[in-house]
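Please look through the structure below before reading on.

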Amino acid sequence: MINNSTIRQYLSSGKQLTVLAGKRPIVENWTKKRVDEDRILSHKGNLGWVIGEDDLVIDVDPRNDGENSYKKLLKDLKLKLEPTVFTPSGGFHIYLSIPKKYIKNSFKKNIKKYPGIDFLTKGAQCVIVGATTENGSYQWAEDLFGEFSQTKAPNSILELLSKPVD
């Protein structure tokens, strides 16, 4: 079960959470409907972070060679990014924030050149730390001092993923 201090880290960072069955939202219209804090705190199952307009989560999944795609992405863009959360499947999430000048852009969810990586933006949800699946639990990558935090998304990633909407 997800502990209340973890839940409060997401909420106090202004993040919207929703209730899940496994990894799927169970609230109808979950992208728009805010679930109240009491229901979030009393829910016995997993919780998902409803990704907002200024959020970007890089979701690396080992199943489709995500690890190698991730190394290639970092090399291609000359970046150094560290995982925020380790997932039960052996992958990881990187929590990033999108600067104001990019917020109204449209974003790609996938790039063929980088299989095994999903780029989660507004309209998506991300299972939070403490949630469990049959493979294990979602855990902070920084095991001693892990807590909710986002790094500013590098311009090179934003340029790769986004395009202005007319």
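Strand β4 (residues 55–60) and strand β6 (residues 92–97) pair in the antiparallel sense over 6 bridges, where two strands count as paired if DSSP finds at least two bridges between them. Strands here are DSSP runs (E, at least two residues), helices are runs of H or I with at least four residues, and both are numbered from the N terminus. β4 is also joined by 4 bridges to strand β8 (residues 117–120), and these two run antiparallel; within this pairing, D59 stands opposite D118.

Is β4 enclosed or open to the outside? Of its 6 residues, 6 are buried, so the strand is largely enclosed by the rest of the structure; buried means under 20% relative accessible area, exposed means over 50%, and partly exposed lies in between, with a 1.4 Å probe and protein chains only. Both faces of β4 are covered, with D55, V57 and D59 buried on one side and L56, I58 and V60 buried on the other.

## An open sheet

Elsewhere in the description, 4 strands form an open sheet with antiparallel pairing, in the order β2-β1-β3-β9. Its edge strands, each pairing on one side only, are β2 (24–25) and β9 (125–127). Strand β1 (residues 16–21) is joined to strand β3 (residues 47–50) by 4 bridges, and the two run antiparallel; T18 has G48 as its bridge partner in β3.

## The protein as a whole

The protein contains 4 helices and 14 strands. Its radius of gyration is 15 Å, close to the 15 Å that the globule rule gives for 166 residues, so the protein is as compact as a globular protein of that length; the radius is taken over C-alpha atoms, and the rule is 2.2 Å times the number of residues to the power 0.38. Along the principal axes, the C-alpha atoms fill a box of roughly 45 × 35 × 25 Å.

Of the 166 residues, 46% count as buried. Among contacts (heavy atoms within 4.5 Å) with a separation of 6 or more, 74% involve residues 24 or more positions apart.

Residues are numbered from 1 along each chain as its sequence is written, and side-chain values use heavy atoms, leaving out hydrogens and water. Because this is a predicted model, local features need pLDDT of at least 70 and side-chain atom pairs count only at pLDDT 80 or more, while totals for chains, interfaces and linings use all residues.
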